[in-house]
Amino acid sequence: MAEVNQEIIACFPQWGNYSYAFKFLIERGFGVKYQTPPPITRRTLELGSRHSPDYVCVPFKYCLGCYIEALEQGANCLMQIFGACRLNYYGELAAQILSDMGYKFQFMNMAEIKWTSPRSIMEHMKMINPNVSITKVVAALPTMINMIKLIDQFDDYLRHNIGFEVNDGDFEALQKEFLAALATIENGKQLKRVKKDFLRRMKKIPVNKPAKTLKVGMVGDYYTVQEPFSNYYMEKELAAMGMEVFRDMNLTNTLINNQWKKRHRFAKKYAKFNPGATATFTIAEALSYVHQGMDGVIQVKAFGCTPEIDAMPILQNISNDYRIPILNFSFDSQTSETGIKTRLEAFYDMVIARKNTTKGDK
């Protein structure tokens, strides 16, 4: 536990670019300081792996490494999201490991919250700030949600166009400015101005995009497909090959728009029963990409993720039925970056070969 009367400094593990939205809610809603974890590096993974059980999946190791680095920088209130798989047990396990390491902190484990009980929600919110104001939290939520939507909108446009920019580095330079602007947001009006400015500037970046591009869809488990370091910046690698990248797995689609039920219905042709966690979403996304005319699909998952393993043979059936390349990638702490790039190059060759064969059939 954190010491009494100590300044509260909260932290959530690094997860794509969503830290900016979490920071806004914690500081403007809960009224405490937020410690953004350092960008994930190899050190983050090494720290998490060193103190984790051997066979726990790699997202746990990343989260634990993020916690350690945040604690090193002064954080004393940690938060852990809940989920539909082993993720529900991660909070308790991480808290025990960190306590055994000698760290003092408060821990808000969302898996322990009874979401139908206002009392339970309030008790856990007070772990972040004992003097929390529900009014301020509720007032901050719409801006946080709109910030998440804007982050996903920006990233979607970037995935579709960065591989075709005329001047190398234009999109990344604008993205750095965009994220820096998000860090200064204090209210919804400022967010609207930032949105208008950066979406306008983003669309003005010159691109040399052919009428017909090679399109690839990315599916996979919730964390690995969304956190770029954990999948070795695969989206950037695919874009560098001249591919237009699509990824529907994000907080806007899953948490805000709540597309889970819709996706489950869409996947029923291949999955009568729900394999759990994100597996049905993965299957439905792959089918959706097939019907959208994608040239290939890539599944990105953590090694040992059982629901995503269950999805693999179903994805193979989809690949066979629709004659579309579907490649599976499993990531752990020992995954070779060179091996990933080699397999991506082979995937690109498969996509090109399929494209040429399809043309020849016409």
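The following dialogue explains the terms used to describe this predicted model.

Guide: Residues are numbered from 1 along each chain as its sequence is written, and side-chain values use heavy atoms, with hydrogens and water left out. As this is a predicted model, local features need pLDDT of at least 70 and side-chain atom pairs count only at pLDDT 80 or more, while totals for chains, interfaces and linings use all residues.

Visitor: What makes β5 and β7 a pair of strands?

Guide: Strands are DSSP runs of E of at least two residues, and helices are runs of H or I of at least four, numbered from the N terminus. Two strands pair if DSSP finds at least two bridges between them. Strand β5 (residues 214-220) and strand β7 (residues 296-302) have five bridges, in the parallel sense, and therefore count as a pair. One of the bridges joins Met218 to Ile298 in β7.

Visitor: Why are β6 and β8 called edge strands?

Guide: The open sheet has four strands in the order β6-β5-β7-β8, with parallel pairing. β6 (243-246) and β8 (326-331) each pair on one side only.

Visitor: What makes β8 largely enclosed by the rest of the structure?

Guide: A residue is buried under 20% relative accessible area, exposed over 50% and partly exposed in between, using a 1.4 Å probe and protein chains only. Five of the six residues of β8 are buried, so the strand is largely enclosed.

Visitor: Which residues of helix α1 are buried, and what do they pack against?

Guide: In α1 (residues 19-30), the buried residues are Ser19, Ala21, Phe22, Phe24, Leu25, Ile26, Gly29 and Phe30. They pack against β1 (9-11), β2 (33-34), β3 (77-80), α5 (118-128) and α6 (134-161). Contact here means heavy atoms within 4.5 Å.

Visitor: What makes a group of residues a nonpolar core?

Guide: A nonpolar core is a set of buried Ala, Val, Leu, Ile, Met, Phe, Trp, Tyr and Cys residues joined through side-chain atoms within 4.5 Å. The largest has 97 residues, and those touching the most other members include Phe30, Leu78 and Ile298. Helix α3 (residues 58-72) gives the most to this core, with 10 residues. Another core lies apart from it, with 20 residues, among them Tyr270, Val290, Leu315 and Ile324.

Visitor: Why is the pair of Tyr62 and Phe229 called edge-to-face?

Guide: Rings of Phe, Tyr and Trp (its six-membered ring) pair if their centres lie within 6.5 Å; planes under 30 degrees apart count as stacked, over 60 as edge-to-face and the rest as tilted. The centres of these two rings are 6.1 Å apart and their planes stand at 80°, so the pair is edge-to-face. The pair links distant parts of the chain, 167 residues apart: Tyr62 is in helix α3, and Phe229 is in the loop between β5 and α9 (234-240). Tyr62 and Phe229 are both buried.

Visitor: How is the pair of Phe105 and Phe107 classified?

Guide: With 6.2 Å from centre to centre and 70° between the planes, Phe105 and Phe107 are also an edge-to-face pair. Both residues are buried.

Visitor: How do you know that Arg343 lies over the face of Phe329?

Guide: A charge sits over a ring if NZ of Lys or CZ of Arg is within 6 Å of the ring centre and within 35 degrees of the ring normal. Arg343 lies over the face of Phe329 at 4.5 Å from the ring centre. The charged end of Lys236 likewise sits over the ring of Tyr233, 5.2 Å from its centre.
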